[in-house]
Amino acid sequence: MDTLTRTARVQGLTEVLAADSLEGRLTGSRGSAMAADFIAKELEAYGLEPAFEGSFFQPVPFARVRDGRGRERTIL
């Protein structure tokens, strides 16, 4: 792939990930899930092997707790 083609490809990927339809990609949002799905499909298209039990998505355990002041916190 020549430099011009690579540049156009990177620009195209960047435009998809920066699109308003992804709603800012805020963690936990629909836009974030859409971006993650897009990236996973791109990795698969490149022939990469998923690293997490057949998935490109790494499970991250977390819990919501209240601290001593009653504020909700997320613990990873």
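Predicted model: local features only at pLDDT ≥ 70, side-chain atom pairs only at ≥ 80, totals over all residues.

Residues are numbered from 1 along each chain as its sequence is written, and side-chain values use heavy atoms, with hydrogens and water left out.

**Exercise 1.** Determine whether the length of helix α2 agrees with its number of residues.

Step 1. Helices are DSSP runs of H or I with at least four residues, strands are runs of E with at least two, and both are numbered from the N terminus.
Step 2. The expected span is 1.5 Å times one less than the number of residues.
Step 3. Helix α2 (residues 30-45) has 16 residues and should therefore span 22 Å; its end C-alpha atoms are 23 Å apart, which agrees.

**Exercise 2.** State which residues of α2 are buried, and name an element that covers them.

Step 1. Buried means under 20% relative accessible area, exposed over 50%, and partly exposed in between (1.4 Å probe, protein chains only).
Step 2. Gly 31, Ala 35, Ala 40 and Glu 42 of α2 are buried.
Step 3. The cover of these residues includes α1 (3-17).

**Exercise 3.** Is Arg 66 buried or exposed, and which residues does Arg 66 contact?

Step 1. Arg 66 is located in strand β1 (residues 63-66).
Step 2. Because its relative accessible area is 57%, Arg 66 is exposed.
Step 3. Leaving aside neighbours within four places in sequence, Arg 66 is in contact (heavy atoms within 4.5 Å) with Arg 71 and Glu 72.
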